[in-house]
Amino acid sequence: MLVHNWRAVLRRAWSVRLMVLALLFIVLEPVINFVAATWVPGNLYIQLAMSTASGLFAAAAIVARVFVQQNISGESNGKPPAER
């Protein structure tokens, strides 16, 4: 079941923003590794950096998900008007 203000959550929630960044790094990782393999003989550090960045963004998104964000939740904490 979606929260009543799901559009605002998608636009303003830090957890969503961080998951988009993690997704971006996950999608770009094979492309960058392929390009780096043609230019750099040992691209282990590039692979490690991309994997670490995507993991850190995903972990930060989990942490951001549990904190209340006043500009989205307000006093209602994301509850619909009937449950306040």
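Visitor: How many aromatic pairs does the structure hold?
Guide: The structure, which is a predicted model, holds one aromatic pair, where rings of Phe, Tyr and Trp (its six-membered ring) pair if their centres lie within 6.5 Å. Local features here need pLDDT of at least 70, side-chain atom pairs count only at pLDDT 80 or more, and totals for chains, interfaces and linings use all residues. Residues are numbered from 1 along each chain as its sequence is written, and side-chain values use heavy atoms, with hydrogens and water left out.

Visitor: Why is the pair of Phe25 and Phe57 called tilted?
Guide: The ring centres of Phe25 and Phe57 are 5.4 Å apart, with 40° between the planes; planes under 30 degrees apart count as stacked, over 60 as edge-to-face and the rest as tilted, so this pair is tilted.

Visitor: What makes the pair tie together parts that are 32 residues apart in sequence?
Guide: Phe25 lies in helix H2 and Phe57 in helix H3, so the pair links these parts; helices (H or I, at least four residues) are DSSP runs, numbered from the N terminus.

Visitor: Is Phe25 buried, exposed or partly exposed, and why?
Guide: Phe25 has 24% relative accessibility, so it counts as partly exposed, since buried means under 20% relative accessible area, exposed over 50%, and partly exposed in between (1.4 Å probe, protein chains only). Phe57, with 23%, is partly exposed as well.

Visitor: Why is H2 called roughly antiparallel to H3?
Guide: The axes, lines fitted to C-alpha atoms over the stretch in contact (heavy atoms within 4.5 Å), come within 8 Å and cross at roughly 170°. Angles run from 0 to 180 degrees between N-to-C directions, and those under 35 degrees count as roughly parallel, over 145 as roughly antiparallel, 65 to 115 as roughly perpendicular and the rest as oblique, so H2 is roughly antiparallel to H3.

Conventions
Helices (H or I, at least four residues) and strands (E, at least two) are DSSP runs, numbered from the N terminus.
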